[in-house]
Amino acid sequence: MRSHADGETVTARPSETLADVYRKMRRHDISQLPVIEGKDTLVGVIDEWDVLNAVRISHAQFAQPVRSVMTTDLLTLAPDDSLEDLLSLFRKDKTAPVVQNGRFLGLITQTDVLNYWQRQN
């Protein structure tokens, strides 16, 4: 997992513009960002599809805030959830944010799992 507390997770704020978030995605070569309020409260996730869908009719929409298009219907994992729980989220085309006691701990991507398995060989 990419640990939020260790600064390993690239995040967005609800008030950031879509343009700012899209630049952040490109700079870090990622396609999704957890949206964090305060220090560690997960309030949503924004991905390339959310941005694409928001700006497809008018490029001026890049100026709108993340909160207006982020996904808020989230399924989260606890630190002790199983690999099957994680894979179940991926099968549903969901991201895998890890949350404990309301605090965002990090995000697990499909690439993270593949990289982990590759290192095991």
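In this predicted model, L18, M25 and R26 of helix α1 meet E48, V51, A54 and V55 of helix α2, where contact means heavy atoms within 4.5 Å. By class, the residues of this contact comprise five nonpolar, no polar and two charged; Ala, Val, Leu, Ile, Met, Phe, Trp, Tyr, Cys and Pro count as nonpolar, Asp, Glu, Lys and Arg as charged, and the others, Gly among them, as polar. Helix α1 covers residues 18–28 and α2 covers residues 48–55; helices (H or I, at least four residues) and strands (E, at least two) are DSSP runs, numbered from the N terminus.

The axes of α1 and α2 come within 11 Å and cross at roughly 140°. Such axes are lines fitted to C-alpha atoms, for helices over the stretch in contact, with angles from 0 to 180 degrees between N-to-C directions. The two helices are therefore oblique to each other, given that angles under 35 degrees count as roughly parallel, over 145 as roughly antiparallel, 65 to 115 as roughly perpendicular and the rest as oblique. Their crossing is left-handed, that is, the near helix is turned anticlockwise from the far one by less than a right angle.

The crossing of α3 past α4 is left-handed. From α3, L83, L86, L87 and F90 meet Q110, V113 and W117 of α4. Six residues of that contact are nonpolar, one is polar and none is charged.

Strands β2 (residues 32–37) and β3 (residues 41–47) run antiparallel and are joined by six bridges; pairing requires at least two bridges found by DSSP. P34 stands opposite V45 in β3. Three residues lie between the strands of this hairpin, and G38 takes a positive phi near 65°.

The chain averages a pLDDT of 91, and 98% of the residues score at least 70; pLDDT is the predictor's confidence in each residue, from 0 to 100. Confidence is lowest in strand β1 (residues 2–3), at a mean of 68, and highest in α1, at 96.

Local features need pLDDT of at least 70 and side-chain atom pairs count only at pLDDT 80 or more, while totals for chains, interfaces and linings use all residues. Residues are numbered from 1 along each chain as its sequence is written, and side-chain values use heavy atoms, with hydrogens and water left out.
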